[in-house]
Amino acid sequence: SSFSSSSSSSSSSSSNPPSSAPLQSQCLQILSSFIPPDPPPPNPTAKPGCTCKKSLCLKLYCQCFAARRFCSASVSGCKCVSCHNYTPP
């Protein structure tokens, strides 16, 4: 009987849990900082294809990588060296 009286007193002293809205907004702010921004729009005056020499075409200053497309000498006119941004076989 003492067990039931202690549980009833603890249940009467407990209040509603705090709102989770502030925690959710904090989590969204933290997660949004990890999402990379959209690439810049393509430059209409830029020549098609890239000419990367040291970046392996895996950095955002590669025109093809920034545009989220694969390098291709025949299609894009790329003149890159040691490219790693290509369609897998």
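Leu56, Leu58, Leu60 and Phe65 make a nonpolar surface patch of about 340 Å² (patch residues have over 30% relative accessible area and no salt bridge, with nonpolar side chains joined within 5 Å and like charges within 9 Å; a salt bridge is a side-chain nitrogen of Lys or Arg within 4 Å of a carboxyl oxygen of Asp or Glu; areas are from the Shrake-Rupley method with a 1.4 Å probe). The model is predicted, with pLDDT of at least 70 needed for local features and 80 or more for side-chain atom pairs, while totals for chains, interfaces and linings use all residues. Residues are numbered from 1 along each chain, and side-chain values use heavy atoms, without hydrogens or water.

Leu60 lies in the loop between α2 and α3 (helices are DSSP runs of H or I of at least four residues, numbered from the N terminus).

Most residues other than glycine have a negative phi. Cys57, not a glycine, has a positive phi of about 60°; this residue is placed in the loop between α2 (21-32) and α3 (63-66) and is buried, with 0% relative accessible area. Arg68, also not a glycine, has a positive phi of about 60°. Arg68 is in the segment after α3 and is exposed, at 60%.

Zero disulfides were found in the whole structure (cut-off: cysteine sulfur atoms within 2.5 Å). For Cys71, the closest cysteine sulfur is that of Cys50 at 3.7 Å, which is too far for a bond. Cys71 is buried at 10% relative accessibility, whereas Cys27 is partly exposed at 38%.

Key. Helices (H or I, at least four residues) and strands (E, at least two) are DSSP runs, numbered from the N terminus. Buried means under 20% relative accessible area, exposed over 50%, partly exposed in between (1.4 Å probe, protein chains only).
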